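Trainee: Could we go through this model together? I would like to understand its charged residues and its strands.
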Amino acid sequence: MEHLVLAGSRRYRVFANAILLSALMVFSVVLGASPFLVNSSAIAPGSLPSWNPAVSCTALLTTLEGVIGSQANANGGATYGGGGFIPGIPNKRATSPPCSINGNATFVEIHGIQMDTLTYTIEDCAKYPNGNFCDTTFNAQDPKCTSSDVYLCTIHMEIDQAWKSAGIAPQNPPVTTGLLDVQGFVYWDPDHTISPSHSYSGWEIHSVSAWRLSSTTKTDFGLTMNPEILSVAQGSSTTGTLTINSLDNFSGTVTLSVSVTPTIANTTSVSLNPASASIAPGGSATSILTVHASQSAPVSNYWAIRLKGTSGNVTHTLLITLAITRPPPDFSLSASPSSLIVSIGSTGTSTITLTSLYNFTGTVGLTASVSPADTTASLSPVNPTASFNPASVSLGANGTGMSTLSVSASLLTTPGTYTVAITSNSGTISHSATVTVIVTV
(Lines give C-alpha, C1' and ligand atoms only; values in the text may rest on other atoms or scores of the structure.)
Protein backbone atom coordinates (compact mmCIF):
# COMPACT_ATOMS: atom_id res chain seq x y z
CA MET A 1 0.00 0.00 0.00
CA GLU A 2 1.39 3.41 -0.93
CA HIS A 3 1.65 6.06 1.75
CA LEU A 4 1.67 9.66 0.54
CA VAL A 5 2.77 12.15 3.16
CA LEU A 6 2.16 15.88 2.91
CA ALA A 7 1.98 18.59 5.50
CA GLY A 8 0.11 21.84 4.99
CA SER A 9 -1.93 24.48 6.75
CA ARG A 10 -4.60 26.87 5.54
CA ARG A 11 -3.32 29.35 8.07
CA TYR A 12 -0.33 30.02 5.89
CA ARG A 13 -2.18 30.35 2.59
CA VAL A 14 -2.00 34.14 2.41
CA PHE A 15 1.67 34.07 3.28
CA ALA A 16 2.29 31.23 0.82
CA ASN A 17 0.71 33.22 -2.00
CA ALA A 18 3.02 36.09 -1.17
CA ILE A 19 6.02 33.78 -1.28
CA LEU A 20 4.86 32.32 -4.60
CA LEU A 21 4.47 35.76 -6.12
CA SER A 22 7.90 36.84 -4.87
CA ALA A 23 9.50 33.70 -6.25
CA LEU A 24 7.93 34.24 -9.67
CA MET A 25 9.15 37.84 -9.70
CA VAL A 26 12.69 36.76 -8.79
CA PHE A 27 12.59 34.04 -11.43
CA SER A 28 11.53 36.55 -14.06
CA VAL A 29 14.41 38.82 -13.13
CA VAL A 30 16.93 35.97 -13.26
CA LEU A 31 15.68 34.80 -16.62
CA GLY A 32 16.05 38.27 -17.97
CA ALA A 33 19.57 38.60 -16.61
CA SER A 34 21.25 35.67 -18.30
CA PRO A 35 20.38 32.67 -20.51
CA PHE A 36 20.49 29.08 -19.19
CA LEU A 37 22.54 26.31 -20.72
CA VAL A 38 20.69 23.14 -21.60
CA ASN A 39 21.61 19.79 -23.06
CA SER A 40 21.57 19.57 -26.82
CA SER A 41 18.53 17.28 -26.51
CA ALA A 42 16.09 18.63 -23.97
CA ILE A 43 14.29 16.33 -21.55
CA ALA A 44 10.62 17.11 -22.00
CA PRO A 45 8.44 17.64 -18.92
CA GLY A 46 6.77 14.50 -17.63
CA SER A 47 3.20 13.29 -17.40
CA LEU A 48 3.00 11.79 -13.90
CA PRO A 49 0.66 13.66 -11.55
CA SER A 50 2.13 15.54 -8.61
CA TRP A 51 1.52 14.06 -5.16
CA ASN A 52 1.61 17.54 -3.64
CA PRO A 53 -1.43 19.73 -4.43
CA ALA A 54 0.77 22.83 -4.15
CA VAL A 55 2.83 21.66 -7.15
CA SER A 56 1.18 22.16 -10.52
CA CYS A 57 3.92 20.42 -12.56
CA THR A 58 3.71 16.87 -13.86
CA ALA A 59 6.70 14.71 -12.97
CA LEU A 60 9.10 12.93 -15.28
CA LEU A 61 9.98 9.42 -14.09
CA THR A 62 13.76 8.97 -13.95
CA THR A 63 16.48 7.45 -11.79
CA LEU A 64 19.01 8.92 -9.43
CA GLU A 65 21.72 8.24 -12.01
CA GLY A 66 19.52 9.84 -14.64
CA VAL A 67 19.70 13.09 -12.68
CA ILE A 68 23.40 13.22 -11.82
CA GLY A 69 24.77 11.37 -14.86
CA SER A 70 27.82 9.10 -15.07
CA GLN A 71 30.50 11.74 -15.66
CA ALA A 72 32.87 11.97 -12.66
CA ASN A 73 34.97 14.93 -11.60
CA ALA A 74 38.44 14.67 -10.02
CA ASN A 75 36.97 13.81 -6.61
CA GLY A 76 34.58 11.18 -7.98
CA GLY A 77 31.43 13.33 -7.75
CA ALA A 78 29.07 14.09 -10.62
CA THR A 79 29.84 16.98 -12.95
CA TYR A 80 27.46 19.72 -14.05
CA GLY A 81 28.03 18.91 -17.73
CA GLY A 82 27.13 15.25 -17.25
CA GLY A 83 23.84 15.97 -15.49
CA GLY A 84 20.65 14.81 -17.13
CA PHE A 85 18.53 17.85 -16.24
CA ILE A 86 20.71 20.86 -16.99
CA PRO A 87 20.35 23.54 -15.70
CA GLY A 88 17.79 22.66 -13.00
CA ILE A 89 15.61 25.29 -11.35
CA PRO A 90 17.22 28.72 -10.92
CA ASN A 91 16.13 29.36 -7.32
CA LYS A 92 16.18 26.62 -4.69
CA ARG A 93 13.97 28.68 -2.34
CA ALA A 94 11.16 29.13 -4.85
CA THR A 95 7.91 27.56 -3.64
CA SER A 96 6.56 27.47 -7.18
CA PRO A 97 9.55 26.61 -9.38
CA PRO A 98 9.22 26.36 -13.18
CA CYS A 99 8.25 22.94 -14.51
CA SER A 100 10.85 23.23 -17.25
CA ILE A 101 13.63 25.49 -18.50
CA ASN A 102 13.79 25.94 -22.28
CA GLY A 103 11.82 22.71 -22.63
CA ASN A 104 14.04 20.79 -20.20
CA ALA A 105 12.13 19.13 -17.35
CA THR A 106 12.90 20.19 -13.76
CA PHE A 107 10.29 18.20 -11.81
CA VAL A 108 11.12 14.50 -11.42
CA GLU A 109 9.90 11.30 -9.77
CA ILE A 110 12.46 8.72 -8.57
CA HIS A 111 11.60 5.25 -7.27
CA GLY A 112 13.41 2.88 -4.92
CA ILE A 113 15.98 5.12 -3.26
CA GLN A 114 17.51 4.49 0.14
CA MET A 115 18.77 6.82 2.84
CA ASP A 116 22.56 6.70 3.24
CA THR A 117 22.61 7.20 6.99
CA LEU A 118 19.82 6.81 9.49
CA THR A 119 19.77 10.47 10.44
CA TYR A 120 18.83 13.94 9.19
CA THR A 121 20.74 17.19 9.28
CA ILE A 122 18.81 20.31 10.25
CA GLU A 123 20.66 23.31 8.85
CA ASP A 124 20.57 26.60 6.97
CA CYS A 125 17.87 28.19 9.14
CA ALA A 126 16.19 31.53 8.40
CA LYS A 127 13.62 33.80 10.03
CA TYR A 128 10.26 34.17 8.29
CA PRO A 129 7.28 36.31 9.27
CA ASN A 130 5.65 33.24 10.80
CA GLY A 131 8.72 31.86 12.58
CA ASN A 132 12.14 30.31 12.10
CA PHE A 133 12.43 27.46 9.59
CA CYS A 134 15.34 25.22 8.60
CA ASP A 135 16.20 22.87 5.76
CA THR A 136 15.99 19.14 6.46
CA THR A 137 18.80 17.47 4.51
CA PHE A 138 19.87 13.90 3.86
CA ASN A 139 21.71 11.91 1.23
CA ALA A 140 20.06 9.12 -0.72
CA GLN A 141 21.50 6.42 -2.93
CA ASP A 142 20.26 3.94 -5.48
CA PRO A 143 20.78 0.37 -4.20
CA LYS A 144 20.69 -0.88 -7.79
CA CYS A 145 23.41 1.50 -8.95
CA THR A 146 26.08 -0.38 -10.91
CA SER A 147 28.84 2.24 -10.71
CA SER A 148 31.86 1.47 -8.54
CA ASP A 149 32.02 5.19 -7.72
CA VAL A 150 29.95 5.64 -4.55
CA TYR A 151 29.46 9.33 -5.30
CA LEU A 152 27.87 8.61 -8.68
CA CYS A 153 25.28 6.53 -6.82
CA THR A 154 24.40 9.24 -4.30
CA ILE A 155 22.45 12.51 -4.38
CA HIS A 156 21.74 15.22 -1.81
CA MET A 157 18.07 15.88 -0.95
CA GLU A 158 16.49 18.74 0.96
CA ILE A 159 13.06 19.64 2.30
CA ASP A 160 13.22 23.40 1.99
CA GLN A 161 12.74 26.00 4.73
CA ALA A 162 10.58 28.26 2.52
CA TRP A 163 8.27 25.33 1.75
CA LYS A 164 7.94 24.70 5.48
CA SER A 165 7.13 28.36 6.13
CA ALA A 166 4.52 28.29 3.37
CA GLY A 167 2.92 25.16 4.85
CA ILE A 168 3.40 23.11 1.70
CA ALA A 169 6.43 20.98 2.65
CA PRO A 170 6.14 17.25 3.26
CA GLN A 171 6.95 15.78 6.64
CA ASN A 172 10.34 14.16 7.03
CA PRO A 173 10.50 10.61 5.65
CA PRO A 174 10.86 7.91 8.31
CA VAL A 175 14.37 7.03 9.39
CA THR A 176 14.48 3.65 7.67
CA THR A 177 16.60 1.30 5.63
CA GLY A 178 13.52 0.67 3.49
CA LEU A 179 13.04 2.07 0.00
CA LEU A 180 11.35 5.38 -0.78
CA ASP A 181 9.86 7.03 -3.86
CA VAL A 182 10.24 10.80 -4.08
CA GLN A 183 9.11 13.74 -6.18
CA GLY A 184 11.00 17.00 -6.29
CA PHE A 185 12.83 19.61 -8.30
CA VAL A 186 16.33 19.21 -9.73
CA TYR A 187 18.76 21.92 -8.63
CA TRP A 188 22.49 22.50 -9.14
CA ASP A 189 24.42 24.09 -6.26
CA PRO A 190 28.01 24.85 -7.35
CA ASP A 191 29.11 25.68 -3.78
CA HIS A 192 29.19 21.99 -2.82
CA THR A 193 31.38 20.47 -5.52
CA ILE A 194 34.30 20.25 -3.04
CA SER A 195 32.21 18.89 -0.16
CA PRO A 196 32.45 15.14 0.62
CA SER A 197 29.21 15.33 2.62
CA HIS A 198 27.53 16.51 -0.61
CA SER A 199 29.15 13.68 -2.62
CA TYR A 200 31.45 16.21 -4.34
CA SER A 201 28.53 17.17 -6.56
CA GLY A 202 26.23 20.15 -6.92
CA TRP A 203 23.22 18.10 -7.99
CA GLU A 204 20.31 18.03 -5.53
CA ILE A 205 16.65 17.27 -5.31
CA HIS A 206 15.70 20.59 -3.75
CA SER A 207 13.04 20.81 -2.77
CA VAL A 208 11.60 17.36 -2.16
CA SER A 209 7.90 18.02 -2.66
CA ALA A 210 6.54 14.62 -1.54
CA TRP A 211 7.57 11.06 -0.76
CA ARG A 212 6.00 7.63 -0.29
CA LEU A 213 7.08 4.20 0.83
CA SER A 214 8.02 2.03 -2.13
CA SER A 215 6.04 -1.12 -2.83
CA THR A 216 8.40 -4.05 -2.14
CA THR A 217 8.13 -7.77 -1.70
CA LYS A 218 7.39 -8.93 1.83
CA THR A 219 10.49 -11.05 2.38
CA ASP A 220 13.73 -9.12 2.43
CA PHE A 221 17.12 -8.85 4.10
CA GLY A 222 18.87 -6.00 5.85
CA LEU A 223 22.50 -4.90 6.17
CA THR A 224 23.99 -3.39 9.32
CA MET A 225 27.57 -2.50 10.19
CA ASN A 226 29.36 -2.47 13.53
CA PRO A 227 30.88 -0.02 14.06
CA GLU A 228 28.91 2.38 11.87
CA ILE A 229 31.98 4.60 11.41
CA LEU A 230 35.41 3.06 10.82
CA SER A 231 38.72 4.71 11.55
CA VAL A 232 42.14 3.57 10.36
CA ALA A 233 45.55 5.16 10.63
CA GLN A 234 47.84 5.47 7.62
CA GLY A 235 49.93 2.34 7.26
CA SER A 236 47.61 0.12 9.31
CA SER A 237 44.41 -1.93 9.14
CA THR A 238 41.05 -2.11 10.87
CA THR A 239 38.04 -4.39 10.76
CA GLY A 240 34.29 -4.20 11.18
CA THR A 241 31.46 -6.72 11.21
CA LEU A 242 28.75 -6.69 8.54
CA THR A 243 25.56 -8.44 9.64
CA ILE A 244 23.00 -9.71 7.14
CA ASN A 245 19.57 -10.21 8.75
CA SER A 246 16.56 -12.11 7.44
CA LEU A 247 13.45 -9.92 7.34
CA ASP A 248 9.94 -11.37 7.15
CA ASN A 249 11.27 -14.92 6.85
CA PHE A 250 13.65 -14.21 4.00
CA SER A 251 15.87 -17.16 3.10
CA GLY A 252 18.56 -17.44 0.47
CA THR A 253 22.16 -16.67 -0.41
CA VAL A 254 23.28 -13.05 -0.32
CA THR A 255 26.30 -12.18 -2.46
CA LEU A 256 28.41 -9.39 -0.99
CA SER A 257 30.74 -6.82 -2.52
CA VAL A 258 32.56 -3.75 -1.27
CA SER A 259 34.23 -0.70 -2.78
CA VAL A 260 35.68 2.59 -1.61
CA THR A 261 35.65 6.15 -2.84
CA PRO A 262 37.60 6.17 -6.14
CA THR A 263 39.86 8.93 -4.80
CA ILE A 264 41.45 6.50 -2.32
CA ALA A 265 41.07 3.24 -4.25
CA ASN A 266 44.81 3.15 -5.11
CA THR A 267 45.90 3.61 -1.50
CA THR A 268 43.16 1.86 0.49
CA SER A 269 42.09 -1.77 0.09
CA VAL A 270 38.84 -3.30 1.33
CA SER A 271 37.65 -6.90 1.45
CA LEU A 272 34.82 -9.01 2.88
CA ASN A 273 35.24 -12.50 4.26
CA PRO A 274 33.16 -14.44 3.43
CA ALA A 275 31.95 -12.84 0.19
CA SER A 276 28.55 -14.54 0.41
CA ALA A 277 26.23 -15.66 3.16
CA SER A 278 23.38 -18.18 3.38
CA ILE A 279 20.49 -16.88 5.47
CA ALA A 280 17.80 -19.09 7.03
CA PRO A 281 14.31 -17.69 7.73
CA GLY A 282 14.57 -15.41 10.75
CA GLY A 283 18.33 -15.93 10.89
CA SER A 284 21.42 -13.87 10.27
CA ALA A 285 25.03 -14.18 9.15
CA THR A 286 28.15 -12.05 9.41
CA SER A 287 31.07 -11.11 7.21
CA ILE A 288 34.27 -9.39 8.33
CA LEU A 289 35.17 -6.17 6.53
CA THR A 290 38.92 -5.50 6.48
CA VAL A 291 40.29 -2.08 5.56
CA HIS A 292 43.99 -1.41 5.00
CA ALA A 293 45.28 2.11 4.40
CA SER A 294 48.76 2.61 2.98
CA GLN A 295 51.11 5.21 4.44
CA SER A 296 50.20 7.52 1.53
CA ALA A 297 46.41 7.20 1.92
CA PRO A 298 44.82 10.70 2.00
CA VAL A 299 43.78 11.85 5.45
CA SER A 300 40.09 12.73 5.84
CA ASN A 301 37.18 11.99 8.17
CA TYR A 302 34.66 11.57 5.35
CA TRP A 303 35.67 8.86 2.93
CA ALA A 304 32.96 6.37 2.00
CA ILE A 305 32.82 2.58 1.85
CA ARG A 306 29.98 1.08 -0.17
CA LEU A 307 28.76 -2.38 0.84
CA LYS A 308 26.35 -4.19 -1.46
CA GLY A 309 24.29 -7.32 -0.89
CA THR A 310 22.40 -9.05 -3.71
CA SER A 311 20.04 -12.01 -3.69
CA GLY A 312 18.11 -12.60 -6.89
CA ASN A 313 16.33 -9.37 -7.79
CA VAL A 314 16.77 -7.90 -4.32
CA THR A 315 19.73 -5.57 -3.82
CA HIS A 316 20.62 -3.42 -0.85
CA THR A 317 23.60 -1.15 -0.30
CA LEU A 318 25.01 0.33 2.85
CA LEU A 319 27.29 3.36 2.89
CA ILE A 320 29.51 3.75 5.91
CA THR A 321 31.96 6.50 6.75
CA LEU A 322 35.69 5.82 6.82
CA ALA A 323 38.09 8.15 8.60
CA ILE A 324 41.75 7.88 7.60
CA THR A 325 43.95 9.45 10.26
CA ARG A 326 47.61 10.38 10.52
CA PRO A 327 49.47 8.30 13.15
CA PRO A 328 51.54 10.04 15.82
CA PRO A 329 55.17 10.83 14.93
CA ASP A 330 57.37 7.74 14.86
CA PHE A 331 60.52 6.32 13.31
CA SER A 332 61.62 2.98 11.88
CA LEU A 333 64.80 0.96 12.39
CA SER A 334 66.51 -1.45 9.99
CA ALA A 335 69.88 -3.19 9.65
CA SER A 336 71.65 -4.12 6.41
CA PRO A 337 73.00 -6.70 6.18
CA SER A 338 71.13 -8.50 8.94
CA SER A 339 73.65 -11.32 9.02
CA LEU A 340 77.44 -11.09 9.37
CA ILE A 341 80.30 -13.61 9.15
CA VAL A 342 83.19 -12.52 11.34
CA SER A 343 86.41 -14.46 11.80
CA ILE A 344 88.18 -14.57 15.18
CA GLY A 345 90.20 -11.43 15.74
CA SER A 346 88.33 -9.36 13.14
CA THR A 347 85.35 -7.00 12.84
CA GLY A 348 82.20 -6.97 10.72
CA THR A 349 79.90 -4.04 10.07
CA SER A 350 76.22 -3.45 9.32
CA THR A 351 74.51 -0.19 8.35
CA ILE A 352 71.73 0.89 10.70
CA THR A 353 69.11 3.09 9.03
CA LEU A 354 66.65 5.23 10.99
CA THR A 355 63.73 6.79 9.12
CA SER A 356 61.39 9.52 10.38
CA LEU A 357 57.70 8.67 9.98
CA TYR A 358 54.80 11.11 10.14
CA ASN A 359 56.98 14.19 10.74
CA PHE A 360 58.97 12.73 13.62
CA THR A 361 61.87 14.94 14.73
CA GLY A 362 64.34 14.18 17.51
CA THR A 363 67.47 12.34 18.57
CA VAL A 364 67.48 8.55 18.59
CA GLY A 365 69.93 6.69 20.84
CA LEU A 366 71.29 3.28 19.91
CA THR A 367 72.35 0.43 22.22
CA ALA A 368 73.23 -3.21 21.58
CA SER A 369 73.67 -6.44 23.50
CA VAL A 370 75.23 -9.66 22.27
CA SER A 371 74.13 -13.15 23.32
CA PRO A 372 74.91 -16.70 22.16
CA ALA A 373 72.45 -18.23 19.72
CA ASP A 374 73.64 -21.85 19.77
CA THR A 375 75.23 -24.37 22.14
CA THR A 376 78.78 -23.84 20.89
CA ALA A 377 78.60 -20.07 21.32
CA SER A 378 77.20 -20.48 24.82
CA LEU A 379 80.55 -22.01 25.87
CA SER A 380 82.51 -18.94 24.80
CA PRO A 381 84.41 -17.20 27.62
CA VAL A 382 84.13 -13.90 25.71
CA ASN A 383 81.21 -12.85 23.53
CA PRO A 384 81.72 -10.57 20.52
CA THR A 385 81.44 -6.87 21.27
CA ALA A 386 79.16 -4.37 19.48
CA SER A 387 79.42 -0.60 19.11
CA PHE A 388 77.83 2.20 17.07
CA ASN A 389 79.30 5.13 15.22
CA PRO A 390 77.56 7.43 15.96
CA ALA A 391 75.72 6.14 19.02
CA SER A 392 72.88 8.66 18.51
CA VAL A 393 71.27 9.99 15.34
CA SER A 394 69.29 13.22 14.87
CA LEU A 395 66.33 12.94 12.51
CA GLY A 396 64.51 15.74 10.72
CA ALA A 397 60.86 15.51 9.73
CA ASN A 398 60.47 12.61 7.28
CA GLY A 399 64.23 12.36 6.93
CA THR A 400 66.69 9.50 7.39
CA GLY A 401 69.86 8.96 9.38
CA MET A 402 72.52 6.24 9.56
CA SER A 403 74.91 4.67 11.98
CA THR A 404 77.49 1.91 11.55
CA LEU A 405 77.24 -1.14 13.79
CA SER A 406 80.65 -2.78 14.35
CA VAL A 407 80.84 -6.30 15.76
CA SER A 408 84.27 -7.57 16.83
CA ALA A 409 85.27 -11.12 17.75
CA SER A 410 88.38 -11.39 19.98
CA LEU A 411 90.87 -14.23 19.99
CA LEU A 412 89.03 -15.57 23.06
CA THR A 413 85.67 -15.77 21.31
CA THR A 414 84.45 -19.29 20.61
CA PRO A 415 83.27 -19.85 17.01
CA GLY A 416 79.51 -20.12 16.77
CA THR A 417 76.37 -18.10 16.16
CA TYR A 418 75.55 -14.96 18.16
CA THR A 419 72.64 -12.53 18.15
CA VAL A 420 73.10 -8.78 18.37
CA ALA A 421 69.94 -7.18 19.78
CA ILE A 422 69.73 -3.53 18.72
CA THR A 423 67.49 -1.09 20.56
CA SER A 424 66.66 2.46 19.47
CA ASN A 425 65.05 4.94 21.85
CA SER A 426 63.69 8.46 21.67
CA GLY A 427 61.52 9.55 24.56
CA THR A 428 58.71 7.01 24.90
CA ILE A 429 59.30 5.55 21.43
CA SER A 430 61.37 2.40 21.15
CA HIS A 431 62.12 0.00 18.30
CA SER A 432 64.37 -3.02 17.99
CA ALA A 433 66.11 -5.15 15.39
CA THR A 434 68.54 -8.07 15.36
CA VAL A 435 71.70 -8.93 13.49
CA THR A 436 72.95 -12.53 13.38
CA VAL A 437 76.73 -12.91 13.70
CA ILE A 438 78.50 -16.14 12.76
CA VAL A 439 82.00 -16.28 14.20
CA THR A 440 84.44 -18.49 12.31
CA VAL A 441 88.05 -19.56 12.78
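Trainee: To begin, where is the place of D149?

Mentor: This is a predicted model. In it, D149 sits in the loop between β7 (131-141) and β8 (154-159).

Trainee: Which residues does D149 touch, not counting residues up to four places away in sequence?

Mentor: With those neighbours left out, D149 touches A72, G76 and P262.

Trainee: And which side chain of opposite charge is nearest to D149?

Mentor: That is R306, at 8.5 Å. D149 is buried yet has no salt bridge.

Trainee: Turning to salt bridges, how many does the count come to?

Mentor: The count comes to six salt bridges. One of them is between the side chains of K92 and D189, at 3.7 Å from N to O. That pair links distant parts of the chain, 97 residues apart: K92 belongs to the loop between α2 (64-68) and β3 (100-101), and D189 to the loop between β9 and β10.

Trainee: Does K92 count as buried or exposed, and why?

Mentor: K92 counts as buried because its relative accessibility is 18%, and the cut-off for buried is under 20%. D189 also counts as buried, because its relative accessibility is 5%.

Trainee: What forms a salt bridge with R93?

Mentor: D124 does, with the closest N and O atoms 2.6 Å apart. D124 lies in strand β6 (residues 121-128) and R93 in the loop between α2 and β3, so this pair ties together parts that are 31 residues apart in sequence.

Trainee: How do the accessibility values class D124 and R93?

Mentor: D124 counts as partly exposed because its relative accessibility is 42%. R93 is buried, with a relative accessible area of 19%.

Trainee: And what is the salt bridge between D135 and R93 like, in terms of the closest N and O atoms?

Mentor: In that salt bridge, the closest N and O atoms are 2.9 Å apart. D135 is in strand β7 and R93 in the loop between α2 and β3, so far as position goes, and the pair links parts of the chain that are 42 residues apart. D135 and R93 are both buried.

Trainee: Which residues do the salt bridges that share partners join into one network?

Mentor: The network consists of R93, D124, D135 and D160.

Trainee: Let us change topic to strand β9. How many of its residues are buried?

Mentor: Strand β9 (residues 180-188) is mostly covered, with nine of its nine residues buried.

Trainee: Which strand do five bridges join to β9?

Mentor: That is strand β5 (residues 107-115), and the two run antiparallel. Within this pairing, I113 stands opposite L180 in β9.

Trainee: How many bridges does β9 have with strand β10?

Mentor: Strand β10 (residues 203-213) pairs with β9 over eight bridges, again in the antiparallel sense. Here W188 stands opposite W203 in β10.

Trainee: Finally, how many cavities of 30 Å³ or more does the count come to?

Mentor: There are two cavities of 30 Å³ or more. The second largest cavity has a volume of about 40 Å³.

Trainee: Which residues line the second largest cavity?

Mentor: Its lining is made up of A54, V55, S56, C57, T95, S96, P97 and F185. Of these, F185 falls within strand β9 (residues 180-188), the strand discussed above.

Technical notes: Residues numbered from 1 in each chain as written. Predicted model: local features only at pLDDT ≥ 70, side-chain atom pairs only at ≥ 80, totals over all residues. Heavy atoms only, no water. Helix = DSSP H or I, 4+ residues; strand = E, 2+ residues; numbered from the N terminus. Buried < 20%, exposed > 50% of the residue type's maximum accessible area, 1.4 Å probe, protein only. Lys, Arg positive; Asp, Glu negative; His and termini not counted. Salt bridge = Lys/Arg side-chain N within 4 Å of Asp/Glu carboxyl O. Contact = heavy atoms within 4.5 Å. Pairing = 2+ DSSP bridges. 1 Å grid on protein atoms, 1.4 Å probe; cavity = no way out; pocket = protein on both sides within 12 Å on 5 of 7 lines; lining within 4 Å. Points joined across faces, edges and corners; volume = space filled by probe spheres on them.
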